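Welcome! Please take a moment to look over the chain displayed here, and then read on for a short tour of some of its parts.

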Amino acid sequence: MRILITGGAGFVGSALAIALKQNYPSYEIFCLDNLRRKGSELNVARLVKLGISFIHGDIRNKEDFDSLPVVDAVIEASAEPSVLAGLNGSPDYLINTNLFGTVNCLNYAVKCKASFIFLSTSRIYPIKTLETLDFAETETRFELTDKQTIRGVSAKGIAEDFPLDGARSLYGTTKLASELIIQEYKEFYNLKTVINRCGVLTGPWQMGKVDQGVMVLWIAKHFFEQQLAYIGYGGSGKQTRDMLHVADLYRLIDWQLHNIDKVNGEILNVGGGVEVSASLQELTGICQKVTGKTIPISRVTENRPADIRLYVTDNSKVTALTGWKPEIGIEQIVRDITDWLAENREALEPILK
């Protein structure tokens with residue numbers, strides 16, 4: 001099999017490429033990336049060392065696809081992933097990458113007659129609707145109840161039929177628009193596609209920031225003994241998310257690559273679920289346990305733009321279709337990331353500190 005991974009030097013793209021090459025040494029894997037994100041350059045040597053072909057290019061440029069080889073599958077893992085992108089300035093890079101870049105990827109897949117696996121986001125769900133859901137407040141977190149008045153939500157989390165009306169951030173909008181275009185390409189170009197709406201993805205080699213990759217950021221701040229803040233919702237730190245280790249995501253993508261006909265045309269919510277979820281307050285406790293360090297955490301009561309109280313993925317559909325479910329728990333995720341920080345401290349400290 002020959003596979004192109006866009007965003008292939010990014011956190012998710014490089015993790016998928018490396019796992020695929022290790023499990024299928026005979027596969028030819030090509031990683032396309034513009035190396036815009038700080039820290040992505042560290043992944044190039046890791047890719048090349050395994051015999052993965054790295055191509056420095058940009059999905060915004062149609063010409064960058066002209067010299068690419070014909071492949072059997074495209075994994076579209078490139079994105080400007082920040083929820084805050086475009087809110088305080090021009091949204092051009094965000095839209096050109098997340099929407100028009102996806103169109104270029106689709107046209108390339110049609111040319112190759114390749115299957116198309118798209119990594120979307122839970123952020124396609126509207127903010128105001130999520131914020132009006134019925135929830136319970138426990139001592140350490142917010143959690144969803146079964147007493148909901150709209151479809152697609154229960155104590156298990158958010159399902160695929162959750163309503164889509166309303167604003168969701170420019171980031172979420174570009175990903176939803178891409179989803180709609182992908183469905184058109186499937187219908188009219190006979191492209192085999194699957195869309196994965198991912199919750200919070202995390203793991204080693206993610207260059208975490210405040211607006212994207214918060215779990216790595218939280219662990220790194222403990223590891224390097226710096227300061228953090230609980231921002232919004234009264235500064236309680238009870239905001240809750242499910243987390244998905246990239247190794248768990250890989251197992252699903254591997255299955256989809258080799259069983260594309262069984263999920264062709266599907267849209268799947270993919271995340272850690274209730275079992276692999278944590279509030280910031282709970283994550284702090286786990287970080288203290290694993291790193292042995294306690295750091296100052298301030299409280300900011302005002303909410304940030306585009307923030308939400310809680311999001312947990314209902315994996316019922318993806319599990320029913322594929323048998324997949326997450327296996328790596330929160331504490332193990334924290335341990336994996338902490339070990340990675342310790343092993344690569346010299347290279348990572350200028351980026352994450």
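## Before you start

This is a predicted model, in which local features need pLDDT of at least 70 and side-chain atom pairs count only at pLDDT 80 or more, while totals for chains, interfaces and linings use all residues. Residues are numbered from 1 along each chain as its sequence is written, and side-chain values use heavy atoms, with hydrogens and water left out.

Helices (H or I, at least four residues) and strands (E, at least two) are DSSP runs, numbered from the N terminus.

Helix 3 covers residues 92-112, 21 residues in total. From first C-alpha to last it reaches 28 Å, close to the expected 30 Å; the expected span is 1.5 Å times one less than the number of residues. At glycine 101, helix 3 bends by about 30°, the bend being the angle between axes fitted to the seven residues ending there and the seven starting there. Lysine 113 follows helix 3 and has a positive phi, near 60°.

Helix 5, residues 170-189, has 20 residues and reaches 28 Å, close to the 28 Å expected. Its buried residues include Tyr171, Leu176, Ile182 and Tyr185; buried means under 20% relative accessible area, exposed over 50%, and partly exposed in between (1.4 Å probe, protein chains only). The buried residues of helix 5 pack against helix 3, strand 5 (115-121), strand 10 (193-198) and strand 14 (266-270). After helix 5 comes asparagine 190, with a positive phi near 55°.

## The second largest pocket

A pocket is an open set of points on a 1 Å grid over the protein atoms alone, where a 1.4 Å probe fits, with protein on both sides within 12 Å along at least five of seven lines; lining residues have an atom within 4 Å of a point. The second largest pocket holds about 310 Å³ of space, a volume being the space filled by probe spheres set on the points, which are joined across faces, edges and corners.

Its lining has 14 residues, and Ala15, Ile18, Ala19, Gln22 and Arg46 lie nearest the centre. Helix 1 (11-23), helix 2 (41-49) and helix 7 (246-258) each give two or more residues to this lining, with helix 1 giving the largest share, six residues. Ten lining residues are nonpolar, two polar and two charged. Here Ala, Val, Leu, Ile, Met, Phe, Trp, Tyr, Cys and Pro count as nonpolar, Asp, Glu, Lys and Arg as charged, and the others, Gly among them, as polar.

## Residues in loops

Most residues other than glycine have a negative phi. Tyrosine 233, in the loop between strand 12 and strand 13 (240-245), has a positive phi near 55°. It counts as buried because its relative accessibility is 11%. Glutamate 225 also has a positive phi, near 55°, and sits in the loop between helix 6 (214-223) and strand 12 (228-231). At 53% relative accessibility, glutamate 225 counts as exposed.

Aspartate 307 lies in the loop between strand 16 (297-300) and strand 17 (310-311), and is buried because its relative accessibility is 10%. Leaving aside neighbours within four places in sequence, aspartate 307 is in contact (heavy atoms within 4.5 Å) with residues including Arg123, Tyr233 and Arg241.

## A residue in a strand

Glutamate 28 belongs to strand 2 (residues 28-33) and is partly exposed, at 38% relative accessible area. Its C-alpha is separated by 8.8 Å from that of valine 71, 43 residues apart along the chain. Beyond neighbours within four places in sequence, glutamate 28 is in contact with Met1, Arg2 and Ile3.
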